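Colleague: I am new to this structure. Could you take me through the fold, one question at a time?

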Amino acid sequence: MNLIIGITWVILVLSKFFIKEPINWFDYAMLVLALYYFTQYYFNHKYQYLTVTDGEIVKQRIIFKKAIPINTVKRFYRNKAGDYVIEGSDKKIKIDPLAVQPESLKAFKLFTAQLKVPKEIH
């Protein structure tokens, strides 16, 4: 999805060249956004979107990472948007099932089935 969004931003900026409109600050902002989405796409393919270790669940991002220790997980559910949400004592991690490879999603579901926390999966 990040690749598609990045390409869309670049096409929008390049279309200004073809219509011969002047480039303004907003176009530069769109190029920065395109660069961000391309970088996010590369990062997601180079590194795991979500990592489960013996002690914590970590969601990787370019700028930051969000981690919840497994022993602090209070609830696991699926929100109205279809994302899986792991709720810890002070943090929440939302997991987009479309961003996770099917094999990894199956392994993640097996892992969450072993958690002894309330589950609200529909």
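Colleague: Which residues is Leu50 in contact with, leaving aside its neighbours within four places in sequence?

Modeller: First, the ground rules: this is a predicted model, where local features need pLDDT of at least 70, side-chain atom pairs count only at pLDDT 80 or more, and totals for chains, interfaces and linings use all residues. Residues are numbered from 1 along each chain as its sequence is written, and side-chain values use heavy atoms, with hydrogens and water left out. Contact means heavy atoms within 4.5 Å. With those sequence neighbours set aside, Leu50 touches Ile57, Val58, Lys59, Ile93, Ile95 and Phe108.

Colleague: Which element gives the most to the largest nonpolar core?

Modeller: That core has 17 residues, and Leu50, Ile57, Val73, Ile86, Ile95 and Phe108 have the most contacts inside it. A nonpolar core is a set of buried Ala, Val, Leu, Ile, Met, Phe, Trp, Tyr and Cys residues joined through side-chain atoms within 4.5 Å; buried means under 20% relative accessible area, exposed over 50%, partly exposed in between (1.4 Å probe, protein chains only). E5, E6 and H3 each supply at least two of its residues. The most, three residues, comes from H3.

Colleague: Which strands stand at the edges of the open sheet?

Modeller: Four strands form this open sheet, in the order E6-E5-E4-E7, with mixed pairing. Two strands pair if DSSP finds at least two bridges between them. Each edge strand has a single partner, so one side of it is left without a neighbour in the sheet; these strands are E6 and E7.

Colleague: In E6, which residue is the bridge partner of Tyr84?

Modeller: E5 and E6 pair in the antiparallel sense over four bridges. A hairpin of four residues joins them. Tyr84 and Ile86 point one way from E5, Val85 and Glu87 the other way, and all are buried. In E6, the partner of Tyr84 is Ile95.

Colleague: Is Arg78 buried, partly exposed or exposed?

Modeller: Arg78 sits in strand E4. It stands opposite Tyr84 in E5, and E4 and E5 run antiparallel, joined by four bridges. Because its relative accessibility is 27%, Arg78 counts as partly exposed.

Colleague: What positive phi does Gly82 take?

Modeller: Gly82 belongs to the hairpin of E4 and E5. Five residues lie between these strands. The phi of Gly82 is near 95 degrees.
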